[in-house]
Amino acid sequence: MRIILLGPPGSGKGTQGERIQRKYGFQKISTGDLLRESVRSGTPLGKKAEAGMNKGRLVSDDIVIGIIKERIFRSDCRKGHVLDGFPRNISQAKELEKMDAGCDEIVIDIYLSDQLIMERLGKRRVCSECGSIYNLSVDALRIEGKCDVCRGEVIQRDDDKLETIKERLRVYHIQTKPLIDYYKNKKVYHVINGERKIDTVFSEICSILDKKIGEARKTEVAL
Ligand code: AMP
């Protein structure tokens, strides 16, 4: 099964994707995390992607499609995978269908107002070592500037700075939002209100997934 988490930057796709992975065993794949890793390690791919990422633009379809093609067929994805940040435009969605045709698909869109996104992303900090995510308005770090999990340095992502957030939102509205109608037409689209607590959002995601998994089992039995 393929679970696609849609939603603007800062809507909590990464956090919810991790929880889905823990509860259901579907592998979470974040193109943003994979790209940042390539930038950190200075690979040719990372060098190509870096400038666009720092400006809040999308990196080229070729790059991200290549990453996904290589990742979703690994053995840890056999049970299923959760995509966080992919697809981000219609042509990526079509490529995804082509490369993994026939895979059962469900789309969960985590909705959030632009105003709240600006507030959340401005306060978001990440661990430079293990990627743990913190929000300055709710998380008090045990040691200032250090990750509670691994003691790595907690930093603000370059693309979480105000001007870049504005650009990421602009790009989201123009390029990614058309996916809502695309997936509505495919009858795989679900939307949930992401302005509530993490636990509340997660339990709503679980209801949607449990229903979908139950239906998939019934179909298997019938066949
Ligand atoms: P994220 O962590 O998902 O917000 O992604 C961070 C940045 O990586 C984005 O602002 C883009 O520059 C790039 N990126 C991540 N996923 C994609 C994608 N599917 N298509 C193009 N660029 C992407």
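These legends accompany several close-up views of a predicted model. Residue numbers start from 1 along each chain as its sequence is written, and side-chain values use heavy atoms, leaving out hydrogens and water. Because the model is predicted, local features need pLDDT of at least 70 and side-chain atom pairs count only at pLDDT 80 or more, while totals for chains, interfaces and linings use all residues.

**View 1. Polar atoms facing the ligand.** A side-chain N or O atom of Arg36 sits 2.9 Å from a ligand oxygen. On the nitrogen side, a backbone N or O atom of Gly85 is 2.9 Å from a ligand nitrogen atom, and a polar side-chain atom of Gln92 lies 3.0 Å from a nitrogen atom of the ligand. The protein covers 96% of the 480 Å² of accessible area that the ligand has on its own (Shrake-Rupley method, 1.4 Å probe).

**View 2. Cysteines without a bond.** Take a look at the sulfurs: zero disulfides turn up in the whole structure, where a disulfide is a pair of cysteine sulfur atoms within 2.5 Å. Cys103 has its closest cysteine sulfur in Cys77, 10 Å away, so the two are too far apart for a bond. Cys127 is in no disulfide either, and the nearest cysteine sulfur, that of Cys150, is 3.6 Å away. Cys127 is buried at 3% relative accessible area (buried is under 20%, exposed over 50%, partly exposed in between; 1.4 Å probe, protein chains only).

**View 3. A cis peptide bond at Pro87.** Phe86 and Pro87 are joined by a cis peptide bond, with omega about 0 degrees. Pro87 belongs to the loop between β3 (81–84) and α5 (90–99).

**View 4. Two loop residues with positive phi.** Most residues other than glycine have a negative phi. Arg151, though not a glycine, has a positive phi of about 70 degrees; Arg151 lies in the loop between β6 (133–135) and β7 (154–155) and is partly exposed at 41% relative accessible area. Lys187 has a positive phi near 60 degrees. Lys187 is in the loop between α8 (178–185) and β8 (189–193), and counts as exposed at 72% relative accessibility.

Technical notes:
A polar contact is a pair of N or O atoms within 3.5 Å; within protein, one must be able to donate a hydrogen and the other to accept it, and residues adjacent in sequence count only if both atoms are side-chain atoms. Helices (H or I, at least four residues) and strands (E, at least two) are DSSP runs, numbered from the N terminus.
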